[in-house]
Amino acid sequence: MSARLSDYDYELPRELIAQRPPEHRDDSRLMVLRRDPQGIEHRQFNELKTFLQQGDLLVLNDTRVVPARRFSDNGAVEFLFLERLAPCRWKCLVSPGRKMRIGATVKIDNISLCVDKITPEGERIVVLNKDIDLYSGGSMPLPPYIRRDSNIEDAARYQTVFAHAPGALAAPTAGLHFTSEILNKIPHTFVTLHVGTGTFLPVRSENVTEHRIHAERFSISPSAAGRINSAGRIVAVGTTVVRVLESAERTDGKLVGQEGSTDIFIYQPYDFRAVDVLLTNFHLPRSTLLMLVSAFAGREFLLRAYQEAIRERYRFYSYGDCMLIV
């Protein structure tokens, strides 16, 4: 194991960062990692079912990304609206911050917006002079490594085909590969975790154990809990599902329907109690998500797989390819 941030680093050629989705969702490549023995296979995502067993249950995150990105009417300030706190009152991130100090005012859709408070984390609490839905007319909050503005295609493709519960600021990207046709052939159920910005904040301390993740809201329905309890292997689709299942409360060892929040930060060594197989995309260096997957697959094995993915020209990050760890 390693708690050093520098041990979760790797060099990625910029041209391997996927800037657009593949033509079809299931066109993605699938790298299969077998933990015992440590082996790597190169497949296509539409072969996923061949690696599943009788009794396996896919668990997916059905959160829906909200169009949270807006610009002031004069184009000078970019907003990422995190949450509606009350009528006419929102929490947001802004760029550049120097233009939006306490008392600063701009307009969006000709509605005045004034900074009332700045949180210790740099978020702005803003007040509107008229209560409007700021997500109406917004655009998809694509991650910063996608170096272009979002468009109509992103409104559909930066969203899973099973997205249901609005509230996420980033897509649960492992789910982006699924089509309805593929999903209908595999036993599955859904949980919800609204992906916020905290999961993606950079780890700044060299000792990773000192890092803290902001809490994110999740829910598990009683029916989903029942299906998970009666399943053979649990196949988590994405790190968000891992975080839900590994932090959820249990009664007499059984998962129960619940709503809550989780700030769980998974890194080596960690004893997984709920997840048997993981489908996940490739993650940024030095990120908490890379640390979570390292805890599941083994850090050295995972980073070796990443180097092979680079040699084989896999596409990385949100719109990129994926891996199955069994």
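Mentor: Before we start, contact means heavy atoms within 4.5 Å. This is a predicted model, where local features need pLDDT of at least 70 and side-chain atom pairs count only at pLDDT 80 or more, while totals for chains, interfaces and linings use all residues. Residues are numbered from 1 along each chain as its sequence is written, and side-chain values use heavy atoms, with hydrogens and water left out.

Trainee: Thanks! Is H194 buried or exposed?
Mentor: H194 sits in the loop between β12 (188-193) and β13 (216-220); strands here are DSSP runs of E, at least two residues, and helices are runs of H or I, at least four, numbered from the N terminus. Leaving aside residues up to four places away in sequence, H194 touches T63, A165, P166, G167, A168, E216 and R217. Buried means under 20% relative accessible area, exposed over 50% and partly exposed in between, with a 1.4 Å probe and protein chains only. H194 has 12% relative accessibility, so the residue counts as buried.

Trainee: How many disulfides does the structure hold?
Mentor: A disulfide is a pair of cysteine sulfur atoms within 2.5 Å. For C88, the closest cysteine sulfur is in C114, 13 Å away and therefore too far for a bond. C92 is buried at 0% relative accessibility, and its sulfur is 11 Å from the closest one, again in C114, which is too far for a bond. The number of disulfides is zero.

Trainee: How is α5 oriented relative to α6?
Mentor: Axes are lines fitted to C-alpha atoms, for helices over the stretch in contact, and angles run from 0 to 180 degrees between N-to-C directions. Helix α5 (residues 288-297) packs on α6 (residues 299-311) at about 115°, with the axes 7 Å apart. Angles under 35 degrees count as roughly parallel, over 145 as roughly antiparallel, 65 to 115 as roughly perpendicular and the rest as oblique. That angle therefore makes α5 to α6 roughly perpendicular.

Trainee: Which handedness does the crossing of α4 and α5 have?
Mentor: Helix α4 (residues 239-247) packs against α5 at about 65°, with their axes 11 Å apart. Here T239, V242 and R243 of α4 meet L289, L292 and V293 of α5. A crossing is left-handed if the near helix is turned anticlockwise from the far one by less than a right angle, and right-handed if clockwise. For α4 and α5, the crossing is left-handed.
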